[in-house]
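Visitor: I have a structure to read and I am new to this. Could you take me through it, one feature at a time?

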Amino acid sequence: MFNHAHGQSISTTVAPSTLGKRTIDDVLATYGQLSEMRLKYRFRQANVSYPPAKIALLGLKEEKALELWAFNQKGERHFVYSYPVTAASGKAGPKLKEGDRQVPEGIYKIIGLNPNSRFHLSMKLNYPNDFDLKYAALEGRQSPGSNIFIHGKADSIGCLAIGDSAVEELFTLVGKIGKNNVEVVIAPHDPRKNPIRPVPETSPAWISELYASIETEFSRFEY
């Protein structure tokens, strides 16, 4: 459902390449300088050196927030900024199938930067990951869904929309440090403030396993 949505629209603010579509380098040339000015300000306000060695993005569905955490060369974690989530469809609970409008919950990576998104810019997550695929197969769910992004604008079906300015910043940051240095964790709500377990007895056992891993990850990011 997102293949066409994230691949056809071309912004007129960037000179198109010879193929008629902008490249990641085009985007960084257009938005990078201003985005880095904002990023450096945020990092300076947080008393964190820029650029970081690695980052983590913590998605909170109930709170409608995407937290940016930075790792320094020593591996120490520091909170930098919380971006408002402008749209995220669905409710608490993991994504189970194509078309359920659910934002996934779990531990993910960014596997691609799309400079030609219908939603301004987008960063693709590796949903479904190995955990998602394992339990989809065990439950006979043949279409767990795909093409989940963090993107701009304020409209979404199963993705995290954070607005254009925010996605320009994170797109620039990921482009600078490399997508392999980014972790994304998405939770139904902030487990540092309110545990997400126990789950209802009617829930599959694997959801408790999933939430235990999410709680463990979030425990590494204490204010």
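**Reading the model**

Guide: Start with helix 1 (residues 24-45), which has a kink of about 55 degrees centred on Tyr31. The bend at a residue is the angle between axes fitted to the seven residues ending there and the seven starting there. Helices (H or I, at least four residues) and strands (E, at least two) are DSSP runs, numbered from the N terminus. This is a predicted model: local features need pLDDT of at least 70, side-chain atom pairs count only at pLDDT 80 or more, and totals for chains, interfaces and linings use all residues. Residues are numbered from 1 along each chain as its sequence is written, and side-chain values use heavy atoms, with hydrogens and water left out.

Visitor: Which residues of helix 1 are buried?

Guide: Buried means under 20% relative accessible area, exposed over 50%, and partly exposed in between (1.4 Å probe, protein chains only). In helix 1 the buried residues are Asp26, Val27, Tyr31, Gly32, Ser35, Glu36, Arg38, Leu39, Arg42 and Phe43.

Visitor: What covers the buried residues of helix 1?

Guide: Look for contact, meaning heavy atoms within 4.5 Å. The cover includes strand 2 (65-71), strand 3 (77-84), strand 4 (106-117), strand 5 (120-125) and helix 3 (164-177). After helix 1 comes Asn47, with a positive phi near 60 degrees.

Visitor: How many salt bridges does a search of the whole structure find?

Guide: Side chains of opposite charge can pair when their charged atoms come close. A salt bridge is a side-chain nitrogen of Lys or Arg within 4 Å of a carboxyl oxygen of Asp or Glu. The search of the whole structure finds 13. One of them joins Glu105 and Lys61, with the closest N and O atoms 2.8 Å apart. Glu105 is in the loop between strand 3 and strand 4, and Lys61 is in the loop between strand 1 (54-60) and strand 2, so this pair ties together parts 44 residues apart in sequence. Glu105 and Lys61 are both buried.

Visitor: Is Glu217 buried or exposed?

Guide: Glu217 has a relative accessible area of 14%, so it counts as buried. Its side chain meets that of Arg220 in a salt bridge (2.5 Å, N to O). Arg220 is partly exposed, at 30% relative accessibility. Salt bridges can also share partners: Arg38, Arg42, Glu168 and Glu169 are joined into one network that way.

Visitor: Where is Arg192 found, and what does its side chain reach?

Guide: Arg192 is in the loop between strand 8 (182-187) and helix 4 (205-218). Arg192 is buried, because its relative accessible area is 18%. Now check polar contacts. A polar contact is a pair of N or O atoms within 3.5 Å; within protein, one must be able to donate a hydrogen and the other to accept it, and residues adjacent in sequence count only if both atoms are side-chain atoms. The side chain of Arg192 reaches the backbone oxygen of Phe221 at 2.8 Å. It also makes a polar contact with the side chain of Tyr223 (3.4 Å). Not counting residues up to four places away in sequence, Arg192 touches several others, among them Leu58, Trp69 and Phe218.
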